[in-house]
Amino acid sequence: MTPPRARTWGRIGQTPVVRVRGRGSGRVSMAGMACYKPGQRSRLIYAIREYRGRKDEPKGFGWRDLRDLILRARLQLGGPIVLVWDNVRLHLTAGMREFIDANAEWLTVFQLPTYAPDLNPTEGVWSLVKRDIGNLAAADLGQITRAVKRKLKMLQYRPEVIDGCLAGIELAL
């Protein structure tokens, strides 16, 4: 997740300055699925990873993490899954392709065109999360992670917002 930018207000002629302490190393990565099924409420299934710049920890999600998220979604949703993916490099790895081929009886994948965020409802979810933390002056990475988790949890309990992300791409079930 890149640092969000947001607007604020200040007195005329005085630029507002926000002092933030910390080294600035680390990042919060998110992976998620906006899940839709006719006649049922929409769902958001996600995972968060915090990277603090240490040598032994992974910087982001690997294909195994994404595989585990898909398996968790299958357990929660209780049925076959049709994934509509963008062309993130992680989605195209050999390990991920093997996993998809091995589970073809319950997992179907469609690839979006190369750069098409306007066709991906999950981009709307990420936009909402980034907008919410845009004016957060975090003291440390943990505070950013907590804010992201809080926003994602709130979105899970508001299926109408997730429906709005689908409506925003002008596609229907």
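Me: Why is I169 called buried in this predicted model?
Reply: The relative accessible area of I169 is 11%. Buried means under 20%, so I169 counts as buried.

Me: Where is I169 found, and which residues does I169 touch?
Reply: I169 is found in the segment after helix 5. Leaving aside residues up to four places away in sequence, I169 touches D118, L119, N120 and P121. With N120, the C-alpha separation is 6.9 Å, although I169 and N120 are 49 residues apart along the chain.

Me: What makes helix 1 and helix 2 roughly parallel?
Reply: The axes of helix 1 (residues 63-77) and helix 2 (residues 94-102) cross at roughly 25°. Angles under 35 degrees count as roughly parallel, and therefore helix 1 is roughly parallel to helix 2. The two axes come within 9 Å, and the crossing is right-handed.

Me: Which residues make the contact between helix 1 and helix 2?
Reply: Helix 1 contributes W63, L66, R67, I70 and L71, while helix 2 contributes G95, M96 and F99. By class, this contact has 6 nonpolar, 1 polar and 1 charged residues.

Me: Which residues of the largest nonpolar core touch the most other members?
Reply: They are L44, V125, L152 and L155, in a core of 19 residues. Two or more residues each come from strand 1 (27-35), strand 2 (43-51), helix 3 (121-132), helix 4 (141-156) and helix 5 (159-168).

Me: What does L155 touch, not counting residues up to four places away in sequence?
Reply: L155 touches L44, V125, L128, V129, V161 and I162.

Me: What other core lies apart from the largest one?
Reply: Another core has 18 residues, including A47, L69, L83 and F99.

Me: How many helices and strands does the chain have, and what pattern does the chain follow?
Reply: There are 5 helices and 4 strands. Along the sequence the pattern is β-β-α-β-α-β-α-α-α.

Me: How much of the chain counts as buried, and what share of the contacts joins residues 24 or more positions apart?
Reply: Of the 173 residues, 34% count as buried. Among contacts with a separation of 6 or more, 67% are between residues 24 or more positions apart.

Methods
Residues numbered from 1 in each chain as written. Predicted model: local features only at pLDDT ≥ 70, side-chain atom pairs only at ≥ 80, totals over all residues. Heavy atoms only, no water. Axes fitted to C-alpha atoms, helices over the stretch in contact; angles between N-to-C directions. Parallel < 35°, antiparallel > 145°, perpendicular 65-115°, else oblique. Left-handed = near helix turned anticlockwise from the far one by under 90°. Contact = heavy atoms within 4.5 Å. Nonpolar A, V, L, I, M, F, W, Y, C, P; charged D, E, K, R; others polar. Core = buried A, V, L, I, M, F, W, Y, C linked by side-chain atoms within 4.5 Å. Buried < 20%, exposed > 50% of the residue type's maximum accessible area, 1.4 Å probe, protein only.
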